[in-house]
Structure formats: structure tokens, C-alpha cells
Amino acid sequence: MKKLISIIVTAALTVTSVFALAGCNSAEGGESNSNGDNGTVASQDDGDEPVTPVDSDSDFKVGAIYINSQNDTSGYTYAHHKGITTAMKSIGLNPDTDLYIVDNIPEDDEKVKQAIDQLAGNGCNIIFGISFGYINAFEEKAEEYPDIIFSHATGYLSNDKNFNNYFGRIYQARYLAGIAAGYKSLAIGNNNIGYVSAWGTEYAETCSGINAFAMGCMAVNPDAKISVYEIYTWGDQELERQAAETLIETYGCGVIAQHCDSAQPQIVANEKHVFGCGYNSDMTAEAPDSHLTAPIWNWDAYYATAMKAAMTDPDSFMQTVGNYYEGLSAGLVDVSELSKNCEPETAEAIKLAKDLMISGEWDVFSGVKLTFSGAAGSVKVDKVNDALVTNAGAEIVAAGGASVDDGVIQGTMDYYVAGVTQVNN
Amino acid sequence: MLDVFTLFLFNIIVYNIPLLYGTTGEIMIEKSGSLNLGVEGTMAIGAVVGYLAGAKTNSLFVACIVSFIAAGLVGLLFSFLTVTLQANQNVTGLTITTFGVAFYYFIGNALSNSKGGWPMFSGAEESATKAFYEQSQALHIPVLSDIPFFGKALFSHGILVYVAILIAILMSVYFKKTVPGLKLRAIGENPAAADSLGVNVTLYKYLHIIIGSGIMGIGGLYMGLNMGGTFEGSNCWINGYGWISIALVIFANWSPAKAILGTFIFGFFNTLRVQNAALAYAFPNALGWLTKIPSHFFSALPFIITLIVLIASSLSKKKKSGEPQAIGRNYYREDR
């Protein structure tokens, strides 16, 4: 008898905790709705859950597949979720009723396909997938559902009718953050700048970010040396923390930048009284005395464009939007508000560099280098013809040559520029 | 800047002490004959509840007590299920891990999405958590902290580091030198024999499972404090340390004193994973060869070492294993 009771209780507990895992999404979604300000979504990880759209002006439905939870409060999925909901509100859609989300979907073809089927069944007109590994499932399902538009972040595949990819020139924002770090390094008289990176030269995404940041630093402080610590994972709080500590204590870095998920490198910088540039969100709250500025994404810029195009004329989506790769000029990337820790020249210099990139007059990976000079109030920028050279001495772009951003887009950039050293192997 | 060896030693202690909490807690539970695989979940619950209580009351002491109680309640649940209801210990433990980690995310996400947001942890002048923050920072011990090299590495830690070592030593004494400790070990070896001698098996099991779980909870709290108390939506503070603790119990041969050693040996390789490049950088001639080894090998090393120890201890012919004989089996008095 006792055994029977215990089996039942254990089974009940197991079921409860499984639901606690899965069910906390909907429970919490509801809660944050009542708070309103986050605009999280109440609907639908379960396809069979009855959904009653209220007061929807249009029957346009948006579908989204996330790698992490829609209830994340920071990081990659959070940034996309915020972008989608913000964009929907801006074009008059209601995220509570017109957005269908399937979250916590790993990069597994079968699971992604199931998620797509579910969203197609919900009647979505456009489906966004935010993780690289969704790529094959998206390509296959785009053929199966020709009436739905498939939009895939960070990928490289597309077709000419209903399947595109989208990403942004985040390196432009990193260059701007590099300027802030460069001024700080001059002010504190320490040329060593650290960079905690998830990956190094394996991915053009991380590699171009490191290079652009380094070039921003060196545009202000030509003697700056950038030390990269590669942690070999997108997110591990403890490792990120220890990497930042090592860069500060052993390599003597006075500014810590990062390309990884958590705010730990900035928290360490704050504890050790050095400075830092975060990523993905303004990390000044986590590191009030040390954070300068962070490169950030405004995904809503893309999502609004894509949704509008899909609403007005889905058939010409690939002509109007196509494969999307924008930067500062489209407002897709930017730096967060400069904190009080920044040097006085920073804002002006960033403005100058930003204007050059927005106008298309200049871009980061070219044979032209910017140099900034002058005190606050009279900062000026000069262009100098100077070849883009790797840290091994190979010339990528001759002096005066045009930018090689295609290396970033096509994922072929696999070198560090001069001035960058990776400290661990 | 710190000397690279100082930082190395310092980090071995700072980042691996939670393992000692997890391991000693688990040893206490296993000595009573129960195998609790719920360390990860118990630590997560202790961490999140304790941290929030500490942030609310601005006191590390309250945080520890609440953390102990919260994790102790998880222990109570485990004891009720396995001791009273005779549920399978493995399944119950796994359930507690799933439940505890989900609970951590549930509370964290709910708070982060709420109006006030997740309570930040900061030593800034105007901060509401200033006292809590300062109490969790490194203590300056007169004389000892000022010893060159070792002062910073060994004697400049937060109070919870010393508490962990104290707990391990006290537990070792408790097992070896006291009557209740002897009775506890008897239960772990042969509950029926202990029962026939008049030891209250159920009471002993309940008590020690609850206390062991409570100790784990404080370890979780320590990890949260060590991470600066920030909640990240997709990343748990405990980060798999609960599982490593279970392996360390075998590593330590069920001895709390050896657990201290085991923690630091594991910690050595765990830290080497991060610091190998720094060592090679500081001593290019003597340790430059470290950079020739791929970093993935260093990442795997702590687990390879654990694996080797587990294999070696299983193969060992010596009969001196500290493993309680009745571990994992529920005791039911009327059983034949």
C-alpha cells in the first residue's frame, strides 16, 4: 500500500515539475501582461490551446520560433522577442493576439519542422526563426508552405519567393564602443584592453566584432593592445567571470569588452574598479561605476520592415525586403546611451564616426583609417589611407581600398587585425 | 594586479567552495543510507530563496538561515517521499533536481518581469543591499591576510568560505567521535541492526537529510553571491555543480575531511582550465608548453580526473570503502 501511495506521489511530483518547466511560460506570460510594460505574450506554446483573438483589426498573424524562453529578461532571445513585440505595436498589430510563439526549440531539424507546422496551423502569415541552426528546416518548409513567408536570422540560405535571411552590421556599433574604450584607455593611461569573447576566429560574427572594436580603440589610442580571451561557449557565467578576472589581473587590462551572454565581465570590471563595454543591452545597471556603453541591436527596425512588407504585398517580399543586412543607417544596430563613466570627447567622436558610416562614406574594414583628435568641444576626425593588415602581417585591403564587409556577411572573416592578440588557445 | 599564482590559488578556493557545501551535504545524507540525486535542485532553491531574503532584509545572516530552511524543506520533502512513503530514491532525487531548477527560473523570471525587477546586489553608497553586500565580501583577518602571497590566496575570503571548511571538519568529528554520529553510520550500514538496538531510524534519517539539504542550500546561496547576484534568464547559478558534488562524494570516499581535499583537487583542474594561458604567459619558459595543449582538453580535464578516480576506487581491492552498505535502499521495518 505504502508503495502504491509513494508511486502516485512521486508521479504527481514529476508531472508537476514538468509542468512547472513548460507551464511557467504561459503562467508568467499572463503575469507580465497584467503588468503591461514588458508586453510579453500570453499565447500558445500548445497548439491545441484555444486562442480567442479579441478586437484584431487584421487577420495578419506573426509566428516566431525562439531558441530560449520568451520570458528571458536579457540576452539573445529577449532582444528578438522585444523587437518583434515592439515592431508589432508600431504597425498596429496586437502581440497578445496576433503573435504565436514556439519557444525553447533547440537546433534540431525535426523539432523546428514541428514548430513550423504548428505555426502554419495557427494561420501565421510570416514565420521568424532566430537561431542559426534552424536553417535547413526553414529552407525545406518554405517550399512546403509557399503562402507563408519564412525569415531566418543569421543564416545564409534564401529563395526568390518566400524565404529570406536577416542580420546586421553589429561591427559598426562595436567600432563605436571601441572609440569609447579608446578614450578611456588614454584617460587612465593603460593601453591594455581586454575582450571576453564566446568564440574567436571560428565565427565571422565574433571575429568581425573583435576586429571592429579593436579598430575603434586604435582610432583614438594608436597604442592600444587588445587581448582576447575566448571562452568557447556562448554563455557560461562562471567562465565569463573568470576570464574577465584573468584579463584584469594577469594581463593588466583597464577596459573589458565582451561578446558573450551574461553581464559577468562588466560586474567583474565594476568590482575591480576598471571599465567596460557590455553587449546586447545597456549594462550600466549591472556595473554602474564602470560601464561605458554597449553595442546593441534594435531588432524592431527589421521586424517592422518585414511585417509591413508581408502585410502589404507578400508576393513581392523578396523584392522589397530580400536578404536583409543593415547597420547603423537603418537603425538596426547602435550603441546604448553613453554612461557618466565615459570621457568627455566620446560623444562627439562617436557622432562623427556614426555620421560617416550612416552616409555610406566610410566603413570599418577598409583601407582607410579614422583618427580622432582634439579636446571635448572640438573633436575632429581625419581619414588616413592605411592598409588593413592582420596580426600575422598579411595585407587584406591595400591602403585606400574599399571595405570588405562581405567577409562578415558571407562568414569568411577568420583573422584578427594587427593589435589584437588572443591570450588563450 | 595579482601575481598569477596568487590568483590561481585564490580562484581554486573562490569558485570551488560550493562543491564542498554540496559534497558535505550529500555525504551527510548518504551516511544515513539515502542517495539524494537532487543536489542541483536543492542548491538552486536554497540559492534563489536565500538571496531574495537577504536582499529584502539586507543581511547575510538572514540569507543563510532562510537558504538553510528553504533547502531543508526540500530535504523534508525528499525524506517524506523516500523514508515515510518508501519512494524510489533515484527517481525522487531526479524529480527534485528538475523541480528545483525550474523553481529557480520561475521565481527569477517572474521577479525580473515584475515592476520592481530582480533585486540588484550592490555595495554602492545609496544601495538598499549595502550591508548584505559587504557582509558577503572578503574578510580581512589581522596578520594572516597580510602574509605575502598566501595572505591573499588563502586568508582573504568571504565568511562562507571558512564556514564551509568548518562544517566539513565538524561533520568529520561528528561522524567519528560522537554517539549520534556512530548511530547514523550504523543506520547507513545496516538499518535493521540499528533499529534492533533501539535507534530511531526514521527520526535519524529525516534529521540528517534535512540538515544535509540545508547545507547544500547555503552552497547555492554562495554561488549566487559569487556571481554578483544577477539573474540571467537562461543560465542557472548552480551550473552543474550539484552533479559534480555527487561525484565528489565518491572521490572523497564518504569522508567530509577528504571532501576538502577532493574539492581543491577538482578545483585545481577546474581553475587550470581557465588559467592555463595566464600561467604560460607569466612563465613562458617554464610553463609555455601549456599553450600547446588545446583548451578543449583542459575543459574536459576535471571530468577526466573524476572519471579516473571513480574507476580507480571501484577497482580498488581494499575493503576500506566508506560507502554505506545500505545506500539507496529504503528501510521498511516489516520487510523480510
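In chain B, helix H1 (residues 4–31) and helix H11 (residues 241–251) have axes that come within 8 Å and cross at roughly 55°. H1(B) is therefore oblique to H11(B). Please keep in mind that this is a predicted model, with an ipTM of 0.87 and a pTM of 0.84.

**H1 against H11 in chain B**

- The crossing in which H1(B) passes H11(B) is right-handed.
- On the H1(B) side, the contact is made by B:Pro18, B:Leu19, B:Gly22, B:Thr23, B:Glu26, B:Ile27 and B:Glu30.
- H11(B) contributes B:Tyr241, B:Gly242, B:Ile244, B:Ser245, B:Ile246, B:Leu248 and B:Val249 to this contact.
- Sorted by class, the contact of H1(B) with H11(B) holds 8 nonpolar, 4 polar and 2 charged residues.

**H2 against H11 in chain B**

- H11(B) also packs with helix H2 (residues 39–57) of chain B, at an angle of about 130° and with the axes 7 Å apart.
- H2(B) and H11(B) form a right-handed crossing.
- From H2(B), the residues in contact are B:Val39, B:Glu40 and B:Met43, and they meet B:Tyr241, B:Gly242, B:Trp243, B:Ser245 and B:Ile246 of H11(B).
- The class count for the contact of H2(B) with H11(B) is 5 nonpolar, 2 polar and 1 charged.

**H12 against H14 in chain B**

- Helix H12 (residues 256–282) of chain B and helix H14 (residues 295–315) of chain B have axes that come within 8 Å and cross at roughly 170°.
- That angle makes H12(B) roughly antiparallel to H14(B).
- H12(B) passes H14(B) in a crossing that is right-handed.
- H12(B) brings B:Phe266, B:Phe269, B:Asn270, B:Leu272, B:Arg273 and B:Asn276 to the contact, while H14(B) brings B:Phe298, B:Ser299, B:Leu301, B:Pro302, B:Ile305 and B:Thr306.
- By class, 7 nonpolar, 4 polar and 1 charged residues make up the contact of H12(B) with H14(B).

**Domains of chain A**

- Chain A splits into domain 1 (57–168 + 297–334) and domain 2 (170–294 + 336–422).
- Taken over C-alpha atoms, the centres of domain 1 and domain 2 of chain A are separated by 30 Å.
- Contact between these domains of chain A involves 12 residues of domain 1 and 11 residues of domain 2.
- The side of domain 1 of chain A that touches domain 2 of chain A has 6 nonpolar, 5 polar and 1 charged residues.

**Confidence**

- The mean pLDDT of chain A is 86, and 86% of its residues score at least 70.
- Within chain A, confidence is lowest in helix H1 (residues 2–35), with a mean of 46, and highest in strand S6 (residues 192–197), at 97.
- Residues 18–56 of chain A stay under 50 in pLDDT, and the model has 67 contacts beyond four places in sequence for them.
- Chain B has an average pLDDT of 90, with 98% of the residues scoring at least 70.

Methods: Residues are numbered from 1 along each chain as its sequence is written. Chains are lettered from A and ligands numbered from 1 in the order in which they are written. This is a predicted model: local features need pLDDT of at least 70, side-chain atom pairs count only at pLDDT 80 or more; totals for chains, interfaces and linings use all residues. Axes are lines fitted to C-alpha atoms, for helices over the stretch in contact, and angles run from 0 to 180 degrees between N-to-C directions. Helices (H or I, at least four residues) and strands (E, at least two) are DSSP runs, numbered from the N terminus. Angles under 35 degrees count as roughly parallel, over 145 as roughly antiparallel, 65 to 115 as roughly perpendicular and the rest as oblique. A crossing is left-handed if the near helix is turned anticlockwise from the far one by less than a right angle, and right-handed if clockwise. Two residues are in contact if their C-beta atoms, placed from the backbone, lie within 7 Å. Ala, Val, Leu, Ile, Met, Phe, Trp, Tyr, Cys and Pro count as nonpolar, Asp, Glu, Lys and Arg as charged, and the others, Gly among them, as polar. Domain bounds come from an automatic or database domain assignment. pLDDT is the predictor's confidence in each residue, from 0 to 100.
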